[in-house]
Structures are given as C-alpha cells and as structure tokens.
Amino acid sequence: MDALQKAGLVNNGVLLLDQDDLRALLAGRRTDMQRLEKLEFEGMVIDYLDTKLSLERNEAGIIELKFHPINKEPKASKYLTDTEAEMLARGDAINLQKSVF
C-alpha cells in the first residue's frame, strides 16, 4: 500500500484503481495504462509518467510495485546506452528491464 500511495494511487486510504486493474495486479498481470503525476522517489521528481503497473516478489520475498513506462514515440532515456536505445528503436529488442532507483 505504501508504494501505491507514493505513486498517487491511494487517496485518504482509498485505492484509486478500477476493479479491472486491481484484478490484473492481484492476478500477477499488468494494469492498463495509468498516468501518474508528480512522482517523487529518492530526491527525483517526475512531472508525469504513463505506465502500466504490476506486482512482483523480490529476492527477499517482499512484494514490490513495478512500473512499465509507455513511450508513445521512441526517445532515448538517460538510463539507456546508445546501443540499447538503437535496439529498441529498430525493434531488435521489445523491452529492456533496468533498475534505476
């Protein structure tokens, strides 16, 4: 719940996901696209993020909220190497998983 609250998906203790997205999360699938606004993580501020969400158990057995950003147009992130960005733009890679926090 804490991660959902930090993502702006909880207001006054009420979860702001619709029932289909909640079912998807609890079933281990991704939600539909969510627009998250004014995210703050470890000193970094993101104005908005279009993303899908999922839940995943980490190595310690703790369930974590995972973000799967959606870019409508190809753009190189500062977290990608030039080679990784080119692979995604060409379609040689469908997605890349990286930890940036």
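Accessible areas come from the Shrake-Rupley method with a 1.4 Å probe. On that basis the protein chain, a predicted model, exposes about 7,900 Å². Carbon and sulfur atoms supply 48% of this area.

**Overall architecture**

The protein chain contains 3 helices and 5 strands. Read from the N terminus, its elements follow the order α-β-β-α-β-β-β-α. The C-alpha trace spans about 45 × 30 × 30 Å along its principal axes. Of the 101 residues in the protein chain, 23% are buried. Among contacts between residues at least 6 apart in sequence, 23% join residues at least 24 apart.

**The sheet**

An open sheet of 3 strands is present, with the order β3-β4-β5 and antiparallel pairing. Its edge strands are β3 (34-41) and β5 (63-69), each of which pairs on one side only. From one strand to the next, the twist averages 65°.

Strand β3 is joined to β4 (residues 44-57) by 7 bridges, and the two run antiparallel. Within this pairing, Q34 has T51 of β4 as its bridge partner, while E40 stands opposite V45 in β4. The two strands form a hairpin with 2 residues between them. In its turn, E42 has a positive phi of about 45°.

The pairing of β4 with β5 is likewise described by 7 bridges in the antiparallel sense. Here L55 has L65 in β5 as its bridge partner. The hairpin of β4 and β5 has 5 residues between the strands, and G61 takes a positive phi near 85°.

**Backbone angles outside the turns described above**

Most residues other than glycine have a negative phi. N12 is not a glycine, yet has a positive phi of about 55°. N12 lies in the loop between β1 and β2 (14-15), and is exposed, with a relative accessible area of 75%. K38, also a residue other than glycine, has a positive phi near 55°. The place of K38 is in strand β3, and its relative accessibility of 68% makes it exposed.

**A buried position: A7**

Where in the chain is A7 located? A7 sits in the loop between α1 (2-6) and β1 (10-11). Is A7 buried or exposed? A7 has a relative accessible area of 2%, and therefore counts as buried, the cut-off for that class being under 20%. Which residues does A7 contact, leaving aside its neighbours within four places in sequence? The contacts of A7 are with L36, L39, L65 and F67. L36 and L39 fall within the range of β3 (34-41), and L65 and F67 within that of β5 (63-69). A7 and L49 are separated by 42 residues in sequence, with their C-alpha atoms 9.9 Å apart in space.

**A nonpolar surface patch**

L26, L55 and I63 form a nonpolar patch on the surface, with about 290 Å² of accessible area together. L26 belongs to helix α2 (residues 19-26). With a relative accessible area of 65%, L26 is exposed.

**Salt bridges**

A search of the whole structure finds 6 salt bridges.

| Salt bridge | N to O distance | Relative accessibility of the Lys or Arg | Relative accessibility of the Asp or Glu |
|---|---|---|---|
| K6 and D2 | 3.6 Å | K6: 47%, partly exposed | D2: 53%, exposed |
| K66 and E64 | 3.6 Å | K66: 23%, partly exposed | E64: 30%, partly exposed |
| R90 and D92 | 2.6 Å | R90: 54%, exposed | D92: 52%, exposed |

Why are K6 and D2 separated by about one helical turn? K6 and D2 are 4 residues apart in helix α1, and this spacing is why about one helical turn separates them. The salt bridge between K66 and E64 involves two residues in the range of β5 (63-69). R90 and D92 also take part, together with E86, in a network of salt bridges.

Terms used
Residues are numbered from 1 along each chain as its sequence is written. This is a predicted model: local features need pLDDT of at least 70, side-chain atom pairs count only at pLDDT 80 or more; totals for chains, interfaces and linings use all residues. Side-chain values use heavy atoms; hydrogens and water are left out. Buried means under 20% relative accessible area, exposed over 50%, partly exposed in between (1.4 Å probe, protein chains only). Contact means heavy atoms within 4.5 Å. Two strands pair if DSSP finds at least two bridges between them. Axes are lines fitted to C-alpha atoms, for helices over the stretch in contact, and angles run from 0 to 180 degrees between N-to-C directions. Patches are made of residues with over 30% relative accessible area and no salt bridge: like charges are joined within 9 Å, nonpolar side chains (Val, Leu, Ile, Met, Phe, Trp, Tyr) within 5 Å. A salt bridge is a side-chain nitrogen of Lys or Arg within 4 Å of a carboxyl oxygen of Asp or Glu.
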